[in-house]
Structure formats: structure tokens, C-alpha cells
Amino acid sequence: MTSLYFLVIACGVLALAYGWFTSRQVLAANAGSTRMQEISGAIQLGARAYLNRQYRTIAAVGVVVLIILGLTLGLRVAIGYLIGAVLSGAAGYIGMNVSVRANVRTAQAARSGLKAGLAIAFKAGAVTGLLVVGLGLLGVGIYYFILRATASGNDLRPVLEAMVGLSFGASLISIFARLGGGIFTKGADVGADLVGKVEAGIPEDDPRNPAVIADNVGDNVGDCAGMAADLFETYAVTIVATMLLAAIFFTPPQATFALRDKLLVLPLAIGAVCIATSVIGTFFVRIGADNGIMRALYKGLIATGILSIIAIGILIYLMLGFSDPLPMSTGTSVTGADLWLCAIIGLAVTGFIVWITEYYTGTDYRPVRSIARSSTTGHGTNVIQGLAVSMEATALPVIVICFGIIASFLVAGLFGIGIAATTMLALAGMIVALDAYGPVTDNAGGIAEMADLPRDVRRTTDALDAVGNTTKAVTKGYAIGSAGLASLVLFAAYTEDLKHYFPNLDVHF
């Protein structure tokens, strides 16, 4: 077990070290002219003002909740809640600070072409992505290791209750950050377009439109800080819920305490090895001779997925073997190969959701082009076609999520669903990197327009931004899909806990 603890902590530290080193590279790049830095400074000021005000509001609510938890559920739960809240907020805030300083450097790099612009923007996104999984893994892992070391006997119920408190703290930040940031960014975006394009008849991001700065601020607080807090919460909650299921389903006398402890650490170990594969995957993001930006980003995602399949397989084989039966309290058993298959199912669900989302949001495919064609005949046809495509786009993701749930349940029951969901979330480092790339390129285009840079620079930032809009949609699809599996895991943990606390209650769903 000591080697597994070391693996988890080492990979968490690797994520933070990579984030720090990469942020140094981004901030060392040329920040452009004085005018460009002035515009970027206004965006930074707005983003920090928004998040500072938001976090002061959350802190006021959070302190009250902290006191209530400490008085009713004990100090361990309160500490866990505090850890989850602080780390969730930190992941979004630090990532956003890198994003608002990378935008002007991306605009300047775009003077040299797509390759240079993509390099800066993606590195900035990777900082946020690796911070999310690094802080999430270290927060959950280290607190669990401390609780486990100080717990007396083999009863893990107090330990897991404290871990649930950590999840609750992360959820509090997520609610405010995702909803508040999301509403702000869409309000600012639509307001800027209505004032500029509709009323004044001026181009997007025109410096004569004062709402442009608010629009650029919104991209950072919503799609960077908000999404980071959202996926941090889902990441932490899913790992904790899967650990809880392991404690429920692999209990003596059916399983040994040693086996139960290994399966409790398995979700953390999966997150650890996927951090390593995500770091490796970032080095595959390179533009080829065809200048395909989306293809360059997908190289990194595909490399991460393939390496994760291999790494998780090796991990499970070394921890549990592939063929040895793992007895469960339900009277059945699973094998290491079954759990690996569930992990592959989780990765497959991620891949399909990413592909479906790109199809419905990419500029090269039928849905977006059909909406563009309908726009030539007026506002009414644009709205009708847009609604039709958006409703059509919901069908395939739902089918994929249902397939993932059913397939993983048939292989390894509810614990199999937990492993599939954990593996989906384990790729959050790379997925959030793709998402945070979007606000950087969007802001870079705005800075290029407001600073009156040459038209070829704006064409480069527009190409980067077009892909950024797709990656932001991909991340939203991923977040919804992973949350679908995670919600089922949480509900399963809840119903199983009911049997523990109320043994005479007849639970049927």
C-alpha cells in the first residue's frame, strides 16, 4: 500500500509541477505592444474583480456551513469540507489568472502564424487542466491517507464520512462558480452582440463597444474558472463515491481487509496514472503540414486515451491480477480484467461524446452549416433551424451514456459503473486543457481587433477561436456525460448507505 500512496502523491505533485513550469513558459513569452497590454490589463482587472466579489460572497455562506458541520458532524467532516472548498476555488482562480495573462501573448504569437499561437494558448489551457486534477488528487488522496493513518481499527465509516465532507465543500464552490460565471459570460456575450452588431452595426470586438471587455471577462470567469471548479467537484465527488462503493461491496467476511483497502485506493491510483498520461499527451499537440488545429488538439487527446488504457491495465494487473476472483458482499465476484474493461468503457464513452459534440458544433459538418445557410433567409429561419439542430444533438449523447451505464453494470455491477465514471473523470486534465484553450483564443481575437493589429493576425486568431468554440462545447458535453455516470454512482452510494444506517428499512428503487 505504501507504493500506491507514493504513486498518488507523486503524480499529484507532477501535475502541479507541470502547471508551474508551463505557466512560467507562457508568461515568459512576448506580451506585445503597450496598447495590447493595456487591453489585456482591463480584462485581467474585470476578471479578478468578478471572482474576488464572488468568492467573498461564497466565503460568507461557507463559513456558516463550516460551523454547522463542525458542531453537528464533527471536526473531521468540517476539515474535509474546508479542504474541498479551498482547493476547488484555487483551481479555478489560479487557472483564470494564467488565462487572462496568456491572451495577449497568444495575440502576439499569432503574428508568427498558427503554430506559435496554438502553442501559447494550449499551454495556458494545460495549466488549468493539470491544476484541476492535481489539486483534486492531492486533496482527496492526502486527506484520505491522513484519516486512514489516524483511524482506529478497521471501521472506515468515520473516514468516509469525512471524505464526503470534502466532496460537499467542492460542490459549494462549483454551484456558485459554474452558474454565476456561466450566466455572466452569456449575459455579457449577448449584450455585446446586441449593442455592437444589431444596434450600432459595428464588427465583433470593435473597440468602440464598451461591452467587449465584459464579454472577454465573461469567457474567463465562465469557461475557465467556472468549468475548472465544476469538473474539480465532479472529479473529487466521483472518486470519493467510488471509494465508498468499494468499502460497501468489498467487506469481510466475503473479502479480506487487504483487498478492501486496495480497492479503496484504486480510484485514486487510476487518477494518478492518468495524470502521467495527460502530461505525456500534451506533448503530442502539434500542428501538422495541413494546419489542422482541431486535429492537433485531438492528437493529444487520443494519445492520452491510448496511454491511459495501457497504464490502467498495468496498474490493475499489478494491484489485483486479471483472473483472480474478487468476492463482493452481494455474493458475486469480479476480476481485475472486468474492472479494466469498465475503465475502457468509460474512456470509450468519453471518446464518443467528444466526437458527437464536435460533429454538432464544428464548422466542417452538416449541423453548423445548415444553421449558417438558414441565416441567409432571416432571423426566424435561423432560430428554427438552431432549435431543431440543438434538440437533435441531445439524442446520441444520451444513448452513449445509457450504453456506458448498462455495459459497465453488466460487467461489474455498481462498482463497475464507479470505475467507468472515475476513468472518465481521470481524463479531466486533458479535457479542461481543451476547454481553457477557448477563452484564451477568444480574448486574443478581441485584443487583436481592439489593438488594430494587421488583418492576417485577426485571421489567425479567428481560426484558433473557431476551434476554441468547439472545444468549449466538447468540454460541456464531457462534463454532462461524466456527471450522468457520477450521479448514478452517488445515488448507488446513497441507497447502500441507507441500508447501513437504517438496517430495517426496506429500500426499493
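Reply: Gladly, and let us begin with axes: they are lines fitted to C-alpha atoms, for helices over the stretch in contact, and angles run from 0 to 180 degrees between N-to-C directions. This is a predicted model, in which local features need pLDDT of at least 70 and side-chain atom pairs count only at pLDDT 80 or more, while totals for chains, interfaces and linings use all residues. Residues are numbered from 1 along each chain as its sequence is written, and side-chain values use heavy atoms, with hydrogens and water left out.

Me: Why are α10 and α11 called roughly antiparallel to each other?

Reply: The axes of α10 (residues 366-375) and α11 (residues 379-393) cross at roughly 165° and come within 8 Å. Angles over 145 degrees count as roughly antiparallel, under 35 as roughly parallel, 65 to 115 as roughly perpendicular and the rest as oblique. The pair is therefore roughly antiparallel. Helices here are DSSP runs (H or I, at least four residues), numbered from the N terminus.

Me: Which residues make the contact between α10 and α11?

Reply: Contact means heavy atoms within 4.5 Å. Among the residues making it are Arg 366, Pro 367 and Ser 370 of α10, and Thr 381, Asn 382 and Gln 385 of α11.

Me: What makes Val 474 count as buried?

Reply: Buried means under 20% relative accessible area, exposed over 50%, and partly exposed in between (1.4 Å probe, protein chains only). Val 474 has 1% relative accessibility, so the residue counts as buried. Val 474 sits in helix α14 (residues 455-501) and, not counting residues up to four places away in sequence, touches Tyr 298, Val 354, Thr 357 and Glu 358.

Me: And Thr 350, buried or exposed?

Reply: Thr 350 has a relative accessible area of 3%, so this residue is buried. Thr 350 belongs to helix α9 (residues 336-361). Beyond its neighbours within four places in sequence, Thr 350 is in contact with Met 424, Leu 427 and Tyr 478.

Me: How do you know that the reach of α8 is close to the expected one?

Reply: The expected span is 1.5 Å times one less than the number of residues in the helix. Helix α8 (residues 293-320) has 28 residues, and its 41 Å from first C-alpha to last is close to the expected 40 Å. Just after α8, Gly 321 takes a positive phi of about 75°.

Me: What makes a set of residues a nonpolar core?

Reply: Its members are buried Ala, Val, Leu, Ile, Met, Phe, Trp, Tyr and Cys residues joined through side-chain atoms within 4.5 Å. The largest one has 128 residues, and Leu 118 and Phe 122 are among those with the most contacts inside it. Helix α4 (residues 114-150) gives the largest share of this core, 19 residues.

Definitions and conventions: Helix = DSSP H or I, 4+ residues; strand = E, 2+ residues; numbered from the N terminus.
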